[in-house]
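Hi,

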Amino acid sequence: MAGVRRRTQAERRAATRTALLNSTVDCLVEYGYTNVTGAQIATRAGVTRGAQAHYFATKAELVAAALEHATGRITQQFRDDPPQRATEAEAVMALVDRLWVLHDSPAFTAVVELWLASRTDAELSSHVSRLNKQMTAAVKEILTEVVPDFLSGKDGVAVMTTALAAIRGVLLTGFVAGPEALDSVWTTTRGQLEKLVRAAIEDGQRSAGQSSSAGRGLPK
C-alpha cells in the first residue's frame with residue numbers, strides 16, 4: 001500500500017526480541033520456571049524455535065533477559081506520573097499504594113518465579129541479584145524525588161524497606177490464598193504501614209523541634 005513505511009531490519013529484530021521477552025513473562029506466569037520450555041515461548045511469540053535460539057542461546061539467558069524486561073516495566077511504570085498529595089503522609093502512602101499495584105501484576109509474578117529458581121541456579125542467581133538491586137535503586141530514586149524529607153529522616157528508609165518487604169510477603173501469601181483473603185491481609189497490612197509512616201513523620205518533627213529549641217539556647 002502506498003505511503004506505508006516498511007520496517008527496517010533493526011526494527012524487525014527489535015520487535016521479535018520484544019515479542020520473545022513478553023512471551024517469556026507470560027509463559028513464566030502460566031507454567032512456572034521449571035515447566036516452561038523454549039518451544040512454548042516461541043509459539044506464543046509467533047516465531048520459530050530456531051529464531052528464538054538465534055536471539056537467546058540458553059533458557060537461562062532468555063529468562064534473565066525477560067526478568068530485566070519485566071523489572072524495567074515495573075520501575076518505568078513507577079517513574080511515570082509520580083503521585084502528588086497535600087501532606088507528606090498522604091504522599092508516602094500514595095507511593096506505597098503504587099508499589100502494591102505494580103507488584104500485584106503478571107510482571108512481578110514472573111520475577112518471583114525467577115527469584116525462587118535462582119536459589120539453586122548459580123547462573124540465574126547472578127542475574128537476579130543484579131537486577132533486583134537495579135529495581136530497588138530505582139524505587140529509592142523515585143521516593144527521594146517525591147518525599148525527600150521522609151526518606152532522609154531517621155526512620156524513613158527503615159519504614160520503606162518494611163513496606164516493600166510487607167508488600168512482597170503479602171503477595172506471596174496470595175499465591176496460596178484466594179483474592180478475598182489477599183485483599184483482607186493487604187488492608188490490615190496497609191493500616192499498620194500507615195501507622196509506621198505517621199509515627200516516623202511525627203518523630204522527625206519532634207526531633208526537628210527539639211534541635212531548634214536547643215539551638216536557640218536559654219533566654220537571657
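First, a term: when I say two residues touch or are in contact, I mean heavy atoms within 4.5 Å. Two bits of housekeeping as well. This is a predicted model, so local features need pLDDT of at least 70 and side-chain atom pairs count only at pLDDT 80 or more, while totals for chains, interfaces and linings use all residues. Residues are numbered from 1 along each chain as its sequence is written, and side-chain values use heavy atoms, with hydrogens and water left out.

Let's start with Arg 85. Leaving aside neighbours within four places in sequence, Arg 85 is in contact with Glu 90, Ala 91 and Ala 94. Arg 85 sits in the loop between α4 and α5 (88-103); helices here are DSSP runs (H or I, at least four residues; strands would be E, at least two), numbered from the N terminus. Arg 85 has 47% relative accessibility and therefore counts as partly exposed. The cut-offs are under 20% relative accessible area for buried, over 50% for exposed and partly exposed in between (1.4 Å probe, protein chains only). Val 146 is 61 residues from Arg 85 along the chain, yet their C-alpha atoms are separated by 9.6 Å.

Now for α2. Which residues of helix α2 (residues 38-45) are buried? They are Gly 38, Ile 41, Ala 42 and Ala 45. These cover an arc of only 95° around the axis, so they end up on the same side of α2; the arc is that of the directions from the helix axis to the C-beta atoms. The cover over the buried residues of α2 includes α1 (9-31), α3 (49-55) and α4 (59-79). Just after α2, Gly 46 takes a positive phi of about 80°.

Arg 44 is in helix α2 too, but with a relative accessible area of 38% it is partly exposed. Not counting residues up to four places away in sequence, Arg 44 touches Ser 23, Asp 26, Cys 27, Glu 30 and Tyr 31. For a contrasting pair, take Arg 44 and Lys 140: they are 96 residues apart in sequence and 35 Å apart in space, C-alpha to C-alpha.

With residues up to four places away in sequence not counted, Met 160 touches Val 92, Val 96, Leu 99, Leu 143, Phe 150 and Leu 151.

Next, the salt bridges. The rule is a side-chain nitrogen of Lys or Arg within 4 Å of a carboxyl oxygen of Asp or Glu, and by this rule the count comes to 6. One of them pairs Arg 190 with Asp 97, the closest N and O atoms being 2.7 Å apart. That pair links distant parts of the chain, with Arg 190 in helix α10 (residues 179-216) and Asp 97 in helix α5, 93 residues apart. Arg 190 is partly exposed at 23% relative accessibility, and Asp 97 is partly exposed at 25%.

Arg 190 also forms a salt bridge with Glu 194, where the closest N and O atoms are 3.4 Å apart. Both of these residues lie in helix α10, 4 residues apart, about one turn of the helix. Glu 194 counts as partly exposed, at 24% relative accessibility.

Another salt bridge joins Arg 206 to Asp 203, at 3.6 Å between the closest N and O atoms. These two are both in helix α10 as well, 3 residues apart, about one turn of the helix. Salt bridges that share partners join Asp 97, Arg 190, Glu 194 and Arg 198 into one network.

Cheers
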